[in-house]
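Notebook open, structure on screen. I'm jotting down what I look up as I go.

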Amino acid sequence: MIPPAFDYHAPQTLEEALSLLDEYGDDAKILSGGHSLIPMMKLRLAQPEHIVDINALTELEYIREENGVIYIGGLTREVALEESDIIHARLPLVSEVLPLIADPQVRNLATIGGNLAHGDPGNDHPAVMLALGATIVAQGPEGKRSIHINDFFEDFYMTALEPEEILTEIQIPVPPQGSGGSYKKLERKVGDYAVAGVAAQVTVDGSGACTSAGLALTNVHYIPFKVTDGEDVLVGSKLDKEAIEKAAGIASEQCDPSNDLRGSVEYKRAMVLELTRRALRDAANQARG
Amino acid sequence: MKTKEITVHVNGTPHTKEVSTRLLLVHFIRDDLDMTGTHIGCDTSNCGACTILLDGKSIKSCTVLAVQADGKQVTTIEGMANGAQFHPIQEGFHEEHGLQCGFCTPGMIMRAAELLEKNPNPTEEEIRWGISGNLCRCTGYQNIVKAIQYAAEKMSTEAETA
């Protein structure tokens, strides 16, 4: 399959890329890793008139830690995250999700910014970023703005990004002492989209009480789904069996999966229930140290 | 601007061509350069048959545009042997019966090349995860793993004696 014809632009600077997006707006699509965009173009699900290839903007490929925040450039490849000591040491939840995304060849090109900006509820990073409370930085013709991840996913394949904006950075607060995170993904085969995925991140205090909780789901809702009511049950609890059961029950009831090749609605709800239990148990055990 | 002149260095040789911007890298390699060792399997970035090295990284060439390879180094299966002498990975596939129909083999070998470059002594599990983006529909994985283990051993022995 060959994609439909388009005009190809390969800007060498961020400024140049932004001016192209400003000029072409909705008619342009940004090409980063390309592993969602090119398949969609082959299937004619996307037919942009202009492709703005941002792969030369290597200034957007970085991972660094500063004052308790991890800063990740939008064009950072999955493989760079996988090989990053900072990610392994500081963000175990992110480190756990990486090998579950697609396969090694795809991770060589695919970017974290693209994974988020695509707004696909089947992608794995969105739930992880919801659980970690990340902030997205977008740059447009009028400068930079920050968007909290809770406000980022607006609708099916729709994010808060404007057509003229580039997702330039992801900021993730380093979880404090006494934190733990876990991602559980059920997939039909290695590299597939999740039948269901669950990201859990919790922090406990000296007495073992939960002081903060992040819980979010992959591919069982029209957008990446943050289980706010489940988080509320966890905070203040001892993350005991009862609290975990209750949160997992809420996750399973409140999500809205569709009946498709990956399973029936009933099956997916049952999987969300069990995966949420497992993710929370593992996250809690890690947090307790 | 629906065409662009690109120069791609394939197995060390620069090739300059005017190509359609929508041309996929795999078609550039197979149709424009007549190098048909790189296969097209699923055409959806699932099967890994089209795996090549782009600036040393294994990628699926059915999901990359030819224009994205402008100015870059491409290594295909044709670039692996040294004249009549097999690359150790090719030798491994030969010695360990690592192929049956052979369709997935070029992709498997190119993926194994980067895997062994990064991790010269992989465990069996690391090899299996390492080739998780490559499908063998003959299901000949046991011997593919053995072939890569053979190559790892041969390459480390060669590195020691060099």
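Entry 1. I started with strand 11 (residues 179–187) of chain A, which pairs with strand 12 of chain A in the antiparallel sense over nine bridges. This is a predicted model, so I'm keeping that in mind throughout. I looked up Leu186(A) and found that its bridge partner in strand 12 of chain A is Ala196(A). Six residues sit between the two strands of this hairpin, and Gly191(A) takes a positive phi near 90 degrees there.

Entry 2. Next I followed strand 12 of chain A to its other partner. Strand 13 (residues 210–218) of chain A runs antiparallel to strand 12 of chain A, with eight bridges joining them. Here I picked out Gln201(A), whose bridge partner in strand 13 of chain A is Gly214(A). These two strands make a hairpin as well, with five residues between them, and Gly208(A) in the turn has a positive phi of about 90 degrees.

Entry 3. Then I turned to where the chains meet. I see 31 residues of chain A in contact with 30 residues of chain B. Together the chains bury about 2,600 Å², 59% of it on carbon and sulfur atoms. Four salt bridges turn up across this interface. I zoomed in on Lys42(A) and Asp43(B), whose side chains meet in a salt bridge at 2.7 Å, N to O. On the side of chain A that touches chain B, strand 1, helix 2 and helix 6 of chain A each supply at least two residues. Helix 6 of chain A gives the largest share, five residues.

Technical notes: Residues numbered from 1 in each chain as written. Chains lettered and ligands numbered in written order. Predicted model: local features only at pLDDT ≥ 70, side-chain atom pairs only at ≥ 80, totals over all residues. Heavy atoms only, no water. Pairing = 2+ DSSP bridges. Helix = DSSP H or I, 4+ residues; strand = E, 2+ residues; numbered from the N terminus. Contact = heavy atoms within 4.5 Å. Buried area = accessible area lost by both parts, 1.4 Å probe.
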